Amino acid sequence: MRLFSFFIHTLLVLLLTALTQVGGLLWLLCYCIACRWKDKRAGRALLMFVPLYLLITAAVLPIVCGYFGRTPLPVFTSPTLKPASVMYPLLNRHYVTPNTRRVLQEVADQLRQQHPSSELHYLDAGFPLFKKFPLLPHLSHTDGRKVDLAFFYLRPDGTVTNEIPSRSGYGVFEGPTEQELSTAEACHGKGYWQYSYPQYLTMGSRPNLKFDALRTKRVLQLLLEQKEIGKVFLEPHLQQRLGLSAAAKIRFHGCDAVRHDDHIHMQTEY
Ligand SMILES: [Zn+2]
């Protein structure tokens, strides 16, 4: 029984660390304190963990991250740049370098000037602490210079909306038409089983929204115009469909990553 309990706690610590960076350590701390009691240790630990985690997330990490060259992306303070889901700031996955934040805010503000009421929604970015801590499942999101962004969508009647078709922002693909090259099919054919894996990460979907090529292309153009932006990942059929084939900064990420026809990946040079 003790071995089983040890196994469950180890698993929980690893999971919380992978999801939130600091959660595993905080759970360990709370459980150690709860060990002073003889019974209901997990329940007591949970009662301590929730407020402590929220306090650290809301009040401590946004300050301490500065020592690691990070800053949080805006959560409620910017009318133009917001998380696609409150889950991202709640899990401490919205930290970037100050330069990356500035560039993204600039792009979001420029987009608003051209498309009033449009909001740029970010997904996974980076963790607040340490220089090379991977933000799973993204192996490259380690340095605060990488951010995933949601596409733009239209309601069924063609009017613009800031809603996105999946709750997480991942996993609802704008796949290739019959005339377009299917990179996903090619990658699956080569044995890269993980290529369409984000389809399991939607956390619920709103199926009626349609891809808004106009605003998605515009935000890509604005990103490409920023000299600080080094690379943008987008699925090849969308790059072609949006008329951006000549854009050298847009790259194919390779079959060993996951597909990018559900979101944009951008990264700055510093
Ligand atoms: Zn990414």
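Colleague: Why is Ile264 called buried?

Modeller: A residue is buried if 20 or more other C-beta atoms lie within 10 Å of its own, exposed if 12 or fewer, and partly exposed in between, with C-beta atoms placed from the backbone. Ile264 has 22 other C-beta atoms within 10 Å, and it is therefore buried. The model is a predicted one, in which local features need pLDDT of at least 70 and side-chain atom pairs count only at pLDDT 80 or more, while totals for chains, interfaces and linings use all residues. Residues are numbered from 1 along each chain as its sequence is written.

Colleague: In which strand is the place of Ile264, and with which residues is Ile264 in contact?

Modeller: Ile264 belongs to strand β11; helices (H or I, at least four residues) and strands (E, at least two) are DSSP runs, numbered from the N terminus. Two residues are in contact if their C-beta atoms, placed from the backbone, lie within 7 Å. Leaving aside neighbours within four places in sequence, the contacts of Ile264 are Asp148, Leu149, Phe151, Leu220, Val232 and Leu234.

Colleague: What makes β5 and β11 a pair, and in which sense do they run?

Modeller: Two strands pair if DSSP finds at least two bridges between them. β5 (residues 146-150) and β11 (residues 263-268) have five bridges and run antiparallel. Within this pairing, Leu149 has Ile264 as its bridge partner. β9 (residues 229-233) also pairs with β11, in the antiparallel sense over four bridges, and there Lys231 is opposite Gln267. With β10 (residues 250-251), by contrast, β9 pairs in the parallel sense over two bridges; Val232 has Ile250 as its bridge partner.

Colleague: How do you know that β5 is mostly covered?

Modeller: Five of the five residues of β5 are buried. Lys146, Asp148 and Ala150 point one way, Val147 and Leu149 the other way, and all are buried.

Colleague: What makes β7 and β8 the edges of their sheet?

Modeller: The sheet is open, has three strands in the order β7-β6-β8, and pairs in the antiparallel sense. β7 (160-161) and β8 each have a single partner strand, so one side of each is left without a neighbour in the sheet. Strand β6 (residues 153-154) is joined to β7 by two bridges, with Tyr153 opposite Thr161.

Colleague: What puts the buried residues of α7 on the same side?

Modeller: Those residues are Arg215, Thr216, Val219, Leu220 and Leu223. Their arc around the axis is only 140°, and they therefore share one side of α7. On the other side, Leu214 and Glu225 are exposed. The cover over the buried residues of α7 includes α5, β4 (120-122), β8 (210-211), β9 and β11.

Colleague: Why are the phi values of Asn92 and Met203 worth a remark?

Modeller: Most residues other than glycine have a negative phi, and most peptide bonds are trans. Asn92, not a glycine, has a positive phi of about 60°, and so does Met203. Asn92 is in the loop between α4 (87-90) and β3 (95-96) and is buried, with 25 other C-beta atoms within 10 Å. Met203 is in the loop between α6 (183-189) and β8 and, with 13 such atoms within 10 Å, is partly exposed.

Colleague: What makes the bond between Leu136 and Pro137 cis?

Modeller: Omega is about 5° for that peptide bond, which is cis. Pro137 lies in the loop between β4 and β5.

Methods:
The arc is that of the directions from the helix axis to the C-beta atoms.
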